Each structure stands twice: as C-alpha cells, then as structure tokens.
Amino acid sequence: MSFTCTTTSFPIKVPHTLFHSRKFNDVFPKTQILGTLSFSSKKNSHLGFKDKLSLAQCSKTSFLSEMDEDCKFEVSSIDIPDGYCKELEIAVRAVHMACLLCQRVQDNLLSKSFEQVHSKEDNSPVTIADWSVQAIVSWVLSEAFGSENVSIVAEEDVEVLSKASAVGLLEAVVRTVNECLADAPRFGLKGPGTDLDAKAVLAAISRCNLAGARGSKFWVLDPVDGTLGFVRGDQYAIALALIEDGEPVLGVLGCPNYPMKKEWLGYQNGYRRILSRLTSQTSVSGDKGSVLYARKGGGKAWMQPLLYGEKNFVWPNSAKQIKVSSIDNPALATFCEPVEKANSSHSFTAGLAHSVGLRNQPLRVYSMVKYAAIARGDAEIFMKFASAGYKEKIWDHAAGVLIIEEAGGVVTDAGGQPLDFSKGVYLEGLDRGIIACAGAKLHEKIIQAVDASWNSSSL
C-alpha cells in the first residue's frame with residue numbers, strides 16, 4: 001500500500017511505512033534518508049516536504065534531501081511500529097558502532113598482551129573497550145535527545161581512569177573513542193566535529209550512573225557483557241535497553257562474534273577469525289558478527305550483520321526477522337547456561353536437564369549471547385540459578401529479555417513471574433532463578449520440572 005504526496009515541484013510516491021512521527025535532530029545530517037522512499041530528480045533539484053502533506057492523517061514530517069545528479073534513489077525499510085522508532089534507530093546505530101570498536105580492541109588485545117585488562121573491586125575484568133563503549137553510547141544518546149533528557153544506568157565509573165597513575169590508560173580510551181566517533185558519518189550520525197578531549201570523554205562516561213535506575217524511564221547499558229569472554233577471544237555482547245515503568249520497551253544486543261550464518265556456530269571463534277582474514281573483503285562472510293533488536297509490542301525481532309570493509313550503514317542494513325525455535329519437547333531441546341561457575345549453579349541445571357530428558361549437550365556461552373541464541377532459534381532453553389548471595393543486575397538481562405519475547409519466546413523467574421526492572425540496579429524479588437524458553441508450552445514444562453526438583457537440590 002502506498003500514498004502519493006505532492007510538493008511544489010513534482011509528485012512523490014511514498015509507502016505507508018514512512019508516515020510516522022520523526023523529529024530530526026542535528027545528530028542526523030539533513031541529507032540522510034530514513035525509511036522507504038523512491039523518487040527521480042533532476043540535477044541540483046531539491047526534494048522537500050516540510051510540515052504539510054496531502055494526507056490528513058499524516059504526521060508532521062521534516063525531510064530534506066539534495067540530489068547532486070540525475071538519479072533514481074531507493075531505500076528499503078522494515079516496518080517499525082510508530083512508538084520509539086527514532087530511539088530504536090539511534091540505539092541500533094550506537095550499538096553497531098560499539099561492536100566495531102570492540103572488534104578492533106579485541107583483535108589488538110589478543111595479538112599483544114593482557115596489559116589492557118584491569119580488575120575491579122570484585123576482581124571481574126574491565127578493559128579499554130568497557131569505558132570506550134560506555135562513552136560512545138552515552139555521547140550518541142545525549143547528542144540525539146539532549147543530555148538533560150537522557151538518563152543512563154551503566155556499570156562502569158571513572159574512578160580508575162581518574163587516577164594519576166592511569167594517564168596512559170585514559171589516553172588509550174580517549175584515542176579509542178575518537179577513532180570510533182570518526183566513523184559516525186558511516187552510520188548516518190553527525191560526529192563531534194573535533195576530537196573529544198579527556199575531560200569530555202570522562203564526562204560522557206560519568207553521565208552514566210546507578211542513580212537513574214529508580215526513575216520511570218531510563219536507558220540501561222552493559223558496555224561489554226561477558227568481559228571474560230572478550231579477553232579470551234570468545235563470545236561477548238553490548239547490551240542496551242530502554243526501560244519505562246519497570247519494563248523494557250526497546251532492546252538492542254550487539255554480538256560481535258555471533259555469526260549471521262548458523263552453520264558457523266560449530267566453529268571455534270579462533271578458527272573463525274583466521275578464516276575471516278583469508279576471506280575476501282568484498283564478499284559477505286558469515287562470521288562478521290550481528291546486532292539483534294526489538295521493540296515492545298512489535299511482535300517481531302530483527303538481526304542485522306555488522307558492517308565490513310568500507311560499507312556505509314543504510315537502515316535497516318539487511319536485517320532479517322528472527323524467531324524462536326518451534327521445538328516444545330524437552331528431549332529435543334538444547335539449553336544454554338553460563339560458562340562461569342562463580343555466580344551460577346551448573347549442578348542444578350545439569351540435574352534438571354537430566355530430569356526432563358534433555359539429550360543434547362548444553363550450550364555454554366559467555367554473556368547475553370545466550371539470549372541471542374534463544375531468539376534466533378539456535379537453542380531452546382536458558383536457565384540461570386544464582387549461587388547463594390549473588391544478585392542479578394538489570395543490565396545483564398533487560399535487552400535480551402525483550403528480544404526473546406518479541407521473537408516469540410517466554411522469559412520469567414522460576415515462579416513464572418515476569419522480571420521486574422523497576423526496583424533499582426538489581427532484579428529484586430526474583431523467585432530462585434531465571435528461565436527463558438522458546439515457547440509457552442516448553443516454558444511450562446520447565447517450570448514444572450524446576451518445582452519438582454527444587455526441594456531435593458542443595459541450593
């Protein structure tokens with residue numbers, strides 16, 4: 001279905017997916033075209049429909065494109081529901097940029113040494129990528145929506161970077177951030193114009209804090225979820241979600257080592273990296289990583305490949321709809337569980353898997369990539385039962401929960417209740433653990449099995 005809009009110069013045919021409210025900001029260059037548009041123009045002519053359209057039901061639209069030569073231009077689009085369309089596009093672009101940043105840092109890390117890895121108070125590792133990604137996402141969101149309108153809850157602070165002994169580390173973070181922002185035009189975003197100095201980078205990182213977690217609307221970011229996987233050259237994720245009234249309404253999951261092609265899943269990451277270097281840069285390789293995203297109530301989840309070579313990002317960047325698996329028999333299902341034993345009980349999940357007849361080997365994966373595996377249909381069950389004293393943090397789950405749900409799956413605590421993101425930094429009131437399944441029938445069977453096994457466990 002399409003509508004015809006008329007400007008003062010010539011008629012334009014615009015598909016209905018274009019007509020939703022879109023308020024442009026300087027973060028988008030005015031020559032950037034978003035949505036679906038097909039037109040022809042003469043050299044140096046201008047296309048513009050600014051406020052008035054020939055349709056009574058159209059939203060107020062600001063749109064301007066200058067064509068420098070005779071051409072026919074077409075940009076395809078996916079159908080995004082009206083609500084939060086700009087927030088979703090900005091978030092996807094920011095996470096995509098962060099993924100490419102992490103790929104560069106990880107390659108450098110693996111080829112040199114672990115000098116770039118530091119420990120936090122809880123002995124968990126943190127790298128240049130953690131601080132740099134937090135700065136990038138904070139800066140992009142603030143430029144897009146105004147820093148006064150953006151509240152971001154994130155894990156990292158600037159305490160280590162602010163020490164006199166960390167001058168070299170801070171310089172590396174600043175350099176990494178500016179290298180990433182230099183690529184902003186490739187993603188249809190306007191960069192800072194001049195390089196950010198150390199003060200500006202620290203300010204961007206500090207803009208993210210834990211105080212906003214009790215607000216009614218805030219972003220939640222895990223800059224590098226699965227840092228241990230990151231430093232080992234394995235799976236990790238960049239997770240960004242928008243929370244409103246205690247529920248995720250947008251979720252974006254960047255998985256730099258998670259391939260678009262399922263057949264690549266059987267290969268170890270190191271082998272994929274070697275093969276990638278032997279692959280022509282002009283061909284599309286299945287190991288380039290991916291970004292998954294969804295909007296609450298949209299009923300769809302999407303997965304797009306990471307950019308490679310010198311390609312520019314054009315929305316929706318070859319995105320494909322993903323769906324959870326249709327398997328509802330536990331005996332045929334594959335389940336995911338964390339690699340780390342420090343904060344989860346492998347023994348309980350192993351016993352539970354045996355009790356429901358699971359025959360497949362578990363998929364042990366670092367980070368929220370487990371959520372990606374369920375959403376894309378590569379596995380059917382994710383169970384996490386925390387060890388005594390461990391509390392789940394909201395940034396470790398928000399984006400992944402929404403993506404699975406919009407892909408057709410179910411995520412609850414072990415009591416069958418939705419996860420509550422309104423209680424601050426932690427998932428308070430969690431009943432025993434978290435269970436994500438590919439569908440309602442499978443989820444019900446796993447919940448029943450948990451109840452039957454719990455009293456005999458040592459948790």
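**Exercise 1.** Determine the order in which the 5 strands of the open sheet are arranged, and identify its edge strands.

*Solution.* The 5 strands follow the order β17-β16-β18-β20-β19 in an open sheet with mixed pairing. Its edge strands, each pairing on one side only, are β17 (363-364) and β19 (410-413). Strands here are DSSP runs of E with at least two residues, helices are runs of H or I with at least four, and both are numbered from the N terminus. Two strands pair if DSSP finds at least two bridges between them. The model is predicted: local features need pLDDT of at least 70, side-chain atom pairs count only at pLDDT 80 or more, and totals for chains, interfaces and linings use all residues. Residues are numbered from 1 along each chain as its sequence is written, and side-chain values use heavy atoms, leaving out hydrogens and water.

**Exercise 2.** State the sense in which β16 and β18 pair, and find the bridge partner of Cys336.

*Solution.* Strand β16 (residues 335-337) pairs with β18 (residues 381-385) in the parallel sense, over 2 bridges. Cys336 has Phe382 in β18 as its bridge partner.

**Exercise 3.** Locate Asp222 and Asp225, and classify each as buried or exposed.

*Solution.* Asp222 is in strand β10 (residues 217-225), and Asp225 also lies in β10. Buried means under 20% relative accessible area, exposed over 50%, and partly exposed in between (1.4 Å probe, protein chains only). Asp222 has a relative accessible area of 2% and is therefore buried; Asp225, at 8%, is likewise buried. With contact defined as heavy atoms within 4.5 Å, and residues up to four places away in sequence not counted, Asp222 touches Glu155 and Asp396, among others. On that basis, the contacts of Asp225 include Tyr236 and Asp396.
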